[in-house]
Amino acid sequence: MELTTIWFLLVAVLFTGYFILEGFDFGVGMLLPVLGRDDRERRVLINTIGPVWDGNEVWLITAGGAMFAAFPEWYATLFSGFYLPLLLILLALIIRGVAFEYRHKRPEASWKRRWDTAIFVGSVLPAVLWGVAFANILRGVPLDADHEYVGGLLDLLNPYALLGGATTATLFLTHGAVFIALKTVGEVRERAGALAVRLGVAAAALAVAFLTWTLTIRSSTAAVVFAVGAALALLGGLAAARVRREGWAFTGTAVAIALAVATLFAALFPNVLPSTLDAAGTLTATNAASTPYTLKIMTWVAVVFTPIVLAYQGWTYWVFRKRIGVAHIPRH
Amino acid sequence: MDALDVARWQFGVTTVYHFLFVPLTIGLSVLVAILQTMWHRTGDEKYLKLTKFYGKLFLINFAMGVVTGIVQEFQFGMNWSDYSRFVGDIFGAPLAIEALVAFFLESTFIGLWIFGWDRLPRRLHLASIWAAAIGSNLSAYFILAANSFMQNPVGYRINPDTGRAELTDFVAVLTNKVAMITFPHTIAGAFLVAGSLLVAVAMWHLVRNRDSADTPAYRFAATFGSWVTLVSAAAVAITGDIQGKIMTQVQPMKMAAAEGLYTTESPASFSVLTIGSLDGSRELFALKIPHLLSWLGTGDPDGTVQGINDLQAQYAAQYGAGSYTPIIPVTYWSFRFMIGFGMAAAAIALLVLWSQRKGRTPTSRWLLRAGLVMPLLPLAANSFGWIFTEMGRQPWIVFGEMLTRDGVSRSVSLTEVLTSFTAFTLIYATLAVVEVKLLLRYAKAGVPDLTPDPDIDDTHDDAERPLAFAY
C-alpha cells in the first residue's frame, strides 16, 4: 500500500477515535443541564468523564499534528479556509477544559452555574461545528488552482453541512446519554437510559438522511457498506438501550460513530479536500502529501507508539470502570 | 495595520500567554513527583501534605496550559498557512510526534493521578505523576526541535520544483545544535519558575504563622524550592552561555541585536547599558565591559563579533535588497530583562536560604515581600527570553529561507484575524484573572488537613464509599 494511503487511513483512524471518545464527552457536556437536576447530580455527570476527557482530547491534537506532518497542504488549506468555525471550536474547547478543572474549586452557586454554562456551550459548539466542517470537506469547497480557499463563511453554511452539524450533535447526544447510563447508578442512570432512546431515534433519522445525501455527492462501495453498517449499528444500539443493556448500547453508538466517520473518509478517498471550482484546485492524498521520507519516519513512529498509547488509555478506562452515583460524590 | 501585523501580534500574545503556564507544568510536575516520592520512601506525612498542596496549585495551572496549547497547534494552519505549506514536511513531524509520544502520556496519566488516589496501588499512583512529568518534559523537547528548525534550519533541501523545504535527515533535525542547547536552557528556566513558586508560597505561610504544626513542612518547601531555584539559575546561566556562542555562529544578527552592536568589533565589549539614537543607527551613551562580548560570543576574549550594519550589508548582498535587522530596542532590552529577572530570582533564593540558616525561622517582612514577587521574576524572564529569541529572528520566519511576511495565510482577511485576535485576548485576559484568583485562594488555604473525612468511614461499605477526589 502507498504510504500516502496509509496516512490517509491513519488520519481517518485518529478522527474516528476522537469522535468516539470526545463524542461522549460532548454528549455529557450537552446533557449537563438536562440530566443534572441539582449540583450533586451534575457532579456525577461531570465525574463520569473527569479522569478521561483530557486524554480523549489528545486524539484531536494528534489528528491535527498527523495532518500537518503527513498532508501539510491539507492542513494549511483546511485550517486557513475554515477559519471562523475552527476559531469557535478552539474557544469552546478552551472554556470547556478550564470549566472541568475549575468548577468545583469554589462553593458559590453562581460560580458553578457559570462553569456549567461554559461546559454546555463548550460542548454544543464543537459537536455541531465538527459535523459542519466534515460535511464541507466531503462536499468540497471553493479552492483556486493554488489550493487556496476563496470562499467565505456563508459557503460553509450550506444545507448539507448544517444537516451534518445536526447529525453529529444528536449522535453525540445519544452517545453521551448511553455513556451516562453505562457509568452511573440511581436516578441519573434511569433518566439517561430513557432519554438515550428518544435521542437515538432522532439521531438515526438524521444520520440516515445525512449519509444518504453524502453518498449522492460522492460514493464508493466501501462507503455504502460503511453507511449501511453505521445505520445498523445505531439501530442495534438503540434496541439495546431500550432494554437497558447499557454495555451493548454503548458499543452500538460507538460503532455507529466509527462507521459514519469511515463512510465520510471512504467516500472522500483519494481526495482530501475537493474543489468546487477548478479541478486543479482539488487536494488529494497524493498532491497534499509530504515526501515519502517524512511519511516513512512517521509510519515507524506511529507503528511503535500507537499500540502503547492504546494500551495505557484502555487501562485508564479499566481503572475507572466503576459506576458512580450521588453517594460517591464527596462534599468538597 | 494589515492581516500580517495582527497575525504576528496574535502569535506573540497567545504564545507568551501559553508559556506562562508551561514552565510551571514542566517544573512543578517533577517537583510534585519528587515530593510524593519522598512521602512514599519515608512515610513522613509532611511530604504528603506538600504533595497534595502543591499538586492542587499545579493542576489549576495545568488546565490553562492544556487549553492554550491547542491554539498553538491550530494557529500555524489558520494564520500561517503558507509557512505551513513551506515547512510542513519537516515541521509537522515533531508536532505530531509530540502529541503521540508525549502529550498522550501527560494527559492520560495526569487523569490517573488526579482521580487515582484511592483507586490505584500507591506505587502505580506515584508512577502516574512521574509519567505525566516525563510527558511534559518530553513534549518540550519536540516543540523546541521544531522551533530550532526556524532558528537554524538543518537536515532539509529546497525542492526546486515546488519551492518547498523537504526533510532529508530527521536525526539532524532532532539533534540540531540549537535544539540540543535550547532544551536544557528552557527546562532550567521552567524549574526556576517552579522552585520560586515553592519558595513564595512557603515563605508566606512561614512568616505569617511561625509556630504552626505545619511549619516543618513549609520550612522544607522553602529550602527545597530555594535549592531548586539556585541550581536552575546556575543551569540557566551555563546553558545560556553556550547558547550565546551557538547563536553567534548560526544567527550572528541576533547576537548583534541583543547587544546593540552596530559595527563589527574584535575584541567586542559587552554593553551594560547602551542608549542609541532614535533611528537606532548609532549610540549616544554606553557603559561597556571590554572583551566580555567577545568572550561570551566566541569563547575567545579577543574574538570577532559581527555588527548589525556589516551583517545587514552582507545579507542584502546575499538575499536581495531589504532590511534584515530586527527591532533593536526590543531585542536589546528583552535580552537584558531575561537575564536580569532570572538572576534576581536566584538572589532572593540565596537570601531565603540564609534566613533559615542553622534552623532559624525567617521573620523579615521585607524578605516575605521579596519572596512573594519571586515567582513573577523567572516568569518574566521566560517571557522575555521567548520575545528575544523570536523577535531576534525577524524578519525571518525560517532563518535564511522564508520571510515572516511570506508565511502568513493569503486567504484569511484582516477582519478574520482581528476577530480571532480580539476573541483570544478577551478570553485569555478573563481566564488570567480567574486563574490568578484561584491560585491565590488555594495558596493561602495552605497544606491540607489529613485527618480522615467523616464521610469516608467504615460505616459505608466499599461500593458506597465516596471518591477520594471528584470534580
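1. A:Ala258 is a residue of helix H11 of chain A, which spans residues 246-268, and it is discussed here in what is a predicted model. A:Ala258 counts as buried because it has 20 C-beta neighbours inside 10 Å, and the cut-off for that class is 20 or more. When its neighbours within four places in sequence are left aside, the residues in contact with A:Ala258 are A:Thr16 and A:Ile20. By comparison, A:Pro142 lies 116 residues from A:Ala258 along the chain, and the C-alpha atoms of the two are separated by 28 Å.

2. Turning to the chain as a whole, chain A contains twelve helices and two strands, and along the sequence these elements follow the pattern α-α-α-α-α-α-α-α-α-α-α-β-β-α. Its radius of gyration is 20 Å, close to the 20 Å that the globule rule gives for 332 residues, and chain A is therefore as compact as a globular protein of that length. Taken along the principal axes, the box filled by its C-alpha atoms is roughly 60 × 40 × 35 Å.

3. Of the 332 residues in chain A, 61% are buried. As for how the chain is connected, if one takes the contacts in chain A between residues at least 6 apart in sequence, 78% of them join residues at least 24 apart.

4. Helix H4 of chain A, residues 72-81, deserves a separate look, since ten of its ten residues are buried and the helix is so largely enclosed by the rest of the structure. Among these buried residues are A:Trp74, A:Tyr75 and A:Phe79, together with A:Glu73. The buried residues of H4(A) pack against elements of both chains: from chain A, helix H3 (53-70), helix H5 (83-102), strand E1 (271-273) and strand E2 (283-284), and from chain B, H2 and H3.

5. The contact between the two chains involves 58 residues of chain B and 64 residues of chain A. On the chain B side, the elements that give two or more residues are helix H2 (45-79), helix H3 (81-115), strand E2 (165-167) and helix H15 (414-445). H3(B) gives the most to this side, with 23 residues. Sorted by class, the side of chain B that touches chain A has 35 nonpolar, twelve polar and eleven charged residues.

Technical notes: Residues are numbered from 1 along each chain as its sequence is written. Chains are lettered from A and ligands numbered from 1 in the order in which they are written. This is a predicted model: local features need pLDDT of at least 70, side-chain atom pairs count only at pLDDT 80 or more; totals for chains, interfaces and linings use all residues. Two residues are in contact if their C-beta atoms, placed from the backbone, lie within 7 Å. Helices (H or I, at least four residues) and strands (E, at least two) are DSSP runs, numbered from the N terminus. Ala, Val, Leu, Ile, Met, Phe, Trp, Tyr, Cys and Pro count as nonpolar, Asp, Glu, Lys and Arg as charged, and the others, Gly among them, as polar. A residue is buried if 20 or more other C-beta atoms lie within 10 Å of its own, exposed if 12 or fewer, and partly exposed in between; C-beta atoms are placed from the backbone. The radius of gyration is taken over C-alpha atoms; the globule rule is 2.2 Å times the number of residues to the power 0.38.
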